[in-house]
Amino acid sequence: GPCGGLAWDGKAMLFSVAGLLTPKKSGTDVETKKYVTALRKVWRAIRKKYRKEILHEADWQFFRLRPQNFPTVRLAAVSFLLEKLTAGKDWLRKIIQTVKSQTATEKAKLDTLKSLFSVEGQGYWSEHFTFGGQSHRPLKNLLGAERIEDIILNTIIPITLLYARIFKDPVVRAQALKLYENFPALESNSILNTMRSQLLKTRVPLGTAYIQQGTIQLHKFYCVEERCGECEIGKIVFAD
């Protein structure tokens with residue numbers, strides 16, 4: 001129940017520090033009022049332990065976002081992930097063991113990692129996008145498949161590489177790099193579209209996340225800086 005504990009501490013801190021747990025939120029429907037009042041009570045109890053910046057509600061962007069991408073939904077998802085992470089001591093072990101496997105395919109490893117980061121809507125966040133903003137149907141997944149893939153690619157794989165370096169485990173390093181090199185392509189963006197149309201054409205298909213990220217780095221460190229003469233790809237393109 002709403003009487004403290006790690007789960008409630010996490011939610012109260014995240015929403016309060018984000019500036020989203022304002023007093024006016026208590027004046028909506030009965031369910032929201034009860035939920036917000038409980039979170040504010042927990043926050044008052046732990047407030048003195050937090051000594052850093054507190055954001056304002058205006059700092060967050062809701063306009064033109066799909067409800068599943070609202071900051072409130074993302075913060076709720078983070079709170080549930082923190083509960084998973086702190087509930088047992090074997091979460092990191094599962095991640096390392098999954099990546100380290102020399103028998104599982106890259107697809108099987110990715111499926112296992114995705115399951116570890118799957119977050120279902122629970123309690124209040126099984127039916128709300130914001131405080132007082134009720135959804136028309138139950139929220140099954142607070143994190144979409146693309147967001148989970150982003151987390152695995154940009155956070156989990158680097159962590160496993162750091163683990164391999166600290167504990168001098170060459171198998172973990174080799175398997176993490178193999179997973180990275182074979183990671184499926186993510187959703188395209190404006191940078192990739194620009195690079196594809198203006199520079200790479202069809203010469204370098206952006207078929208994996210590995211190639212996509214390399215292309216983004218190329219754009220950032222060479223194209224934007226107008227260092228075409230130092231870029232190996234630029235030398236070939238502009239020599240034609």
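Helices here are DSSP runs of H or I with at least four residues, strands are runs of E with at least two, and numbering starts from the N terminus. The model is a predicted one, so local features need pLDDT of at least 70 and side-chain atom pairs count only at pLDDT 80 or more, while totals for chains, interfaces and linings use all residues. Residues are numbered from 1 along each chain as its sequence is written, and side-chain values use heavy atoms, with hydrogens and water left out.

As for overall dimensions, the C-alpha trace spans about 70 × 40 × 40 Å along its principal axes. Of the 240 residues in the chain, 37% are buried (buried is under 20% relative accessible area, exposed is over 50%, and partly exposed is in between, with a 1.4 Å probe and protein chains only). The accessible surface comes to about 15,000 Å², and 56% of that belongs to carbon and sulfur atoms; areas come from the Shrake-Rupley method with a 1.4 Å probe, and for residues only the protein chains shown count as cover. Looking at contacts (heavy atoms within 4.5 Å) between residues at least 6 apart in sequence, 62% join residues at least 24 apart.

Now to the helix pairs. Helix α4 (residues 91-100) packs on helix α5 (residues 106-116) at an angle of about 165°, with the axes 9 Å apart. Axes are lines fitted to C-alpha atoms, for helices over the stretch in contact, and angles run from 0 to 180 degrees between N-to-C directions. α4 and α5 are therefore roughly antiparallel; on this scale, angles under 35 degrees are roughly parallel, over 145 roughly antiparallel, 65 to 115 roughly perpendicular, and the rest oblique. The crossing of α4 past α5 is left-handed, a label used if the near helix is turned anticlockwise from the far one by less than a right angle, with clockwise giving right-handed. On the α4 side the contact is made by Trp-91, Lys-94, Ile-95, Thr-98, Val-99 and Lys-100, and on the α5 side by Lys-109, Thr-112, Leu-113 and Leu-116. Sorted by class, the residues of this contact are five nonpolar, two polar and three charged (Ala, Val, Leu, Ile, Met, Phe, Trp, Tyr, Cys and Pro count as nonpolar, Asp, Glu, Lys and Arg as charged, and the others, Gly among them, as polar).

Helices α6 (residues 145-166) and α7 (residues 170-181) pack at about 160°, their axes 8 Å apart. This pair is therefore roughly antiparallel too, and the crossing of α6 and α7 is left-handed. From α6, Leu-153, Ile-157, Thr-160, Leu-161, Tyr-163 and Ala-164 take part, meeting Val-172, Arg-173, Ala-176, Leu-177, Leu-179 and Tyr-180 of α7. The class breakdown for the contact of α6 with α7 is 10 nonpolar, one polar and one charged.

Further along come helix α8 (residues 190-200) and α9, whose axes come within 10 Å and cross at roughly 75°. α8 and α9 are therefore roughly perpendicular to each other. Ile-191, Leu-192, Met-195, Leu-199 and Leu-200 of α8 meet Gln-212, Thr-215, Ile-216, Leu-218, His-219 and Cys-223 of α9, giving a contact with eight nonpolar, three polar and no charged residues.

Thr-215 sits in helix α9 (residues 209-223). With 5% relative accessibility, Thr-215 counts as buried. Setting aside neighbours within four places in sequence, Thr-215 is in contact with Leu-192, Met-195, Leu-200 and Leu-206. Not counting residues up to four places away in sequence, Val-237 touches Leu-199 and Arg-203.

Arg-64, in the loop between α2 (30-46) and α3 (71-87), has a positive phi of about 65° although it is not a glycine. At 77% relative accessibility, Arg-64 counts as exposed. Glu-226, in the loop between α9 and α10, is likewise not a glycine and has a positive phi of about 55°. The relative accessible area of Glu-226 is 69%, so this residue is exposed.
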